[in-house]
Amino acid sequence: MAAEPRELFPGRSARDFFGAELRRERLAARLSLAQLAEIVRYSKTHLGNVETADRSIPPGLPSALDAAFGTDGHFARLYELARREPHPGKYRGFMALEAQAATIEDYAAQTVPGLLQTEEYARALLRVGDNEATDEEIEEKVSARLSRQELLRAPCRPYFWAVLDEAVLRRPVGGRGTMHDQLAGLLPLMDTRYTTIQVLPFDHGEHALMNIPLILITLPNKLTVAYEETGYSGQLIDNEATVAKRKRAYDALRAYALSPAESATLIRAVMKEYKRCEQSPT
């Protein structure tokens, strides 16, 4: 017996609407995913994930769909809306939970967490992440990312705990000046009533979360979910046993990391290196 097609939510985002329109046109043409895949030269799995908004829309797909369905640029126009969304569909569930969080625990393997990024640091990351985006699109994304930081200034703010791999400090995102300012921005948040930041030093060696950024969100009802992001995909995890395993790994990193005071000392030392290198004659 064939599985029931997954329910779509076209009103949730432009990317969801794109997927719903793809399914509508496909069914109207009496094509299976496998048959459409042969026509547009994308895999059945990829097309299925685009229908359900679980995967980003490849730039070449809209024109291929318009050609296959004879829709006169319909999918090309929808794509322009979808690619301009400040927060793609894959982040919406995570962000809805983040906004309700009582506690957020973040392990950053390579970059400063979004809730702690300066404007210039965020701009550099967003630019390199999408080198085809216009300046206007990048600025929209920067604004959206910075707006999330209001969460840490709200009257009912969550408690935020971050463990940063030392690699986060050592990679000069946006150049040495930008990185110096980004590290300076962390110092007031190292050990406050609502925030704790620790650094996991290189000399600790291997650990269970190497190169896997992890965010644990605990809601007011004590339910905890995990969010993992690798490359261009991310997933929310609510399986109790899996979340408990991630929580144990995070707690171990907390124990292995430097104290907030020791972490601040290391950050200041790295800041001096960036400043000295920037002022060195060329």
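At what angle do helix H2 and helix H3 pack, and how far apart are their axes? In this predicted model, local features need pLDDT of at least 70 and side-chain atom pairs count only at pLDDT 80 or more, while totals for chains, interfaces and linings use all residues. Residues are numbered from 1 along each chain as its sequence is written, and side-chain values use heavy atoms, with hydrogens and water left out.

H2 (residues 33-40) and H3 (residues 44-51) pack at about 110°, with axes 8 Å apart. Helices (H or I, at least four residues) and strands (E, at least two) are DSSP runs, numbered from the N terminus. Axes are lines fitted to C-alpha atoms, for helices over the stretch in contact, and angles run from 0 to 180 degrees between N-to-C directions. The two helices are therefore roughly perpendicular (65 to 115 degrees). Leu33, Ala34, Leu36, Ala37 and Val40 of H2 meet Lys44, Leu47, Gly48 and Glu51 of H3, contact meaning heavy atoms within 4.5 Å.

Strand S1 (residues 103-108) holds aspartate 106. This residue is buried without a salt bridge, and arginine 148, the nearest side chain of opposite charge, is 6.6 Å away. Buried means under 20% relative accessible area, exposed over 50%, partly exposed in between (1.4 Å probe, protein chains only). A salt bridge needs a side-chain nitrogen of Lys or Arg within 4 Å of a carboxyl oxygen of Asp or Glu; Lys and Arg count as positive, Asp and Glu as negative, with His and the chain ends not counted.

Glutamate 262, in helix H12 (residues 260-279), is partly exposed at 45% relative accessibility. Its C-alpha atom is 8.2 Å from that of glutamine 198, 64 residues apart along the chain.

Technical notes
Angles under 35 degrees count as roughly parallel, over 145 as roughly antiparallel, 65 to 115 as roughly perpendicular and the rest as oblique.
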